[in-house]
Structures are given as C-alpha cells and as structure tokens.
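Here are my notes on this model, point by point. Have the structure open while you read.

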Amino acid sequence: SSGINAEYGDLDIEGVTRTQILECKLDATEKSRSEYRDKARKLLTENDLLQTQMSSTERDTIEVISYLKKEDLAKDQMIEQLQGQLKNLKQESRKEREALIEDFTYQINILEKNLAEKKKEAQQMQDELMQIKEFRRKKNEMQHELVQVEQREEPPAIGQQQTLEDKLLAIEG
C-alpha cells in the first residue's frame, strides 16, 4: 500500500506540476491573446489612420489633377485667343499693306502724270525759245539786209521803207 501511495503521491506532485504547467500555459496563452488583441487594435487604429491619410491623399491628388486640368484648359483657351488675335493682326497688316501699296501706286501715277505734263510744258517752252531764237536770227538778218539796202541806195522811197518795216513788224508780231 505504501507503493500505491507512493504512486499516487508522485501523481499528486505530477498533477500539481501539470496543473501549474497548464495554468502557466493558460496564463501565457491569455497574455499572448491579450497582446494579440492589443496589437490587433493598434493595427486596426493604424489601418484606419492610413486609410484616412490615403483618402486625404487621393482627394488632394484629385484636387491637384482637377486644378492642373483647369489650368491646362485655361492655357489652351489663351493659346486659341492669342492665335485668333495673331490671325486678325496678320489680316489687318495685310489690308494696311495693300492700302499703302494702292495709295503709293496712286501717288506715283499722279507724279508720273505731273512729270509728263511738266516735260510737255518744258518741251513747249524749248520749242518757243527756239522760235524766238529763230525770230531774232531772221530779224537780225532782215535788219542787216535793211542796213545794206539803205547803204547801197539813196534814201529809199517812203513806200519802200514802209514795206521793209511792215515785214519786220510782221515777223515780230
């Protein structure tokens, strides 16, 4: 019987030790579970924070993209507007250039016409000058002839002298 007690005694010690081991395992498991829950809560909180940050970043990104698209659209509109202004300026410049060409062509034509008239007048004056020179030459010849006739002859008859003077006056007139 002492062998049995000894067996049971050993069992009790083993039982107590097993109980303690199980209790330790239970405590360790509960502690591990508690740590797991704390870590899970912490991860959940961090996950929520990251999702909030990600949502905020996405909104910011969308706002930036939207702003950039608006800026791009505004610049495109500005480019179109400037291209339209450039086209209008080119058309106005072409019209002004054509008007200047037309005006200068008109002025050149008037000046050429005036020049032709002045040339014609100058030619007429030159012709008249030549006629005057020719007249003076003939007048001098006639006066010379008159003097020669007067010197060769005796005083001419009044009628003959009158005829030479009439010729001379006719040439002058």
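1. Start with arginine 94: its relative accessibility is 36%, so it counts as partly exposed. The cut-offs here are under 20% relative accessible area for buried and over 50% for exposed, with partly exposed in between (1.4 Å probe, protein chains only). The side chain of arginine 94 meets that of glutamate 98 in a salt bridge, at 3.3 Å from N to O. For a salt bridge, a side-chain nitrogen of Lys or Arg has to be within 4 Å of a carboxyl oxygen of Asp or Glu. Glutamate 98 is partly exposed too, at 43% relative accessibility.

2. A word on what you're looking at. This is a predicted model, in which local features need pLDDT of at least 70 and side-chain atom pairs count only at pLDDT 80 or more, while totals for chains, interfaces and linings use all residues. Residues are numbered from 1 along each chain as its sequence is written, and side-chain values use heavy atoms, with hydrogens and water left out.

3. The overall picture is quick to give: two helices and zero strands. Both kinds of element are DSSP runs numbered from the N terminus (helices H or I, at least four residues; strands E, at least two). Helix 1 covers residues 2-152. Of the 173 residues in the chain, buried ones make up 1%. The accessible surface comes to about 16000 Å², and 56% of that belongs to carbon and sulfur atoms; areas are by the Shrake-Rupley method with a 1.4 Å probe, and for residues only the protein chains shown count as cover.

4. How many salt bridges are there by this rule? The count is four. One of them joins aspartate 38 to arginine 41, with the closest N and O atoms 3.1 Å apart. These two are three residues apart in helix 1, which puts about one helical turn between them. Aspartate 38 is partly exposed at 43% relative accessible area, whereas arginine 41 counts as exposed at 52%.

5. Then look at arginine 137, which forms a salt bridge with glutamate 141, the closest N and O atoms being 2.4 Å apart. Both lie in helix 1, four residues or about one turn apart. Arginine 137 is partly exposed, with 38% relative accessible area, and glutamate 141 is partly exposed with 38%. Salt bridges with shared partners also bring in Glu134, making one network of Glu134, Arg137 and Glu141.

6. Two surface patches deserve a mention. Patch residues have over 30% relative accessible area and no salt bridge; like charges are joined within 9 Å, and nonpolar side chains (Val, Leu, Ile, Met, Phe, Trp, Tyr) within 5 Å. Glu71, Asp72, Asp76 and Glu80 form a negative patch. Lys and Arg count as positive, Asp and Glu as negative, with His and the chain ends not counted; each charge is placed at NZ of Lys, CZ of Arg, CG of Asp or CD of Glu. Aspartate 76 sits in helix 1 and is partly exposed at 36% relative accessibility. The nonpolar patch is made by Val64, Tyr67 and Leu68, together about 310 Å² of accessible area; leucine 68 is in helix 1.
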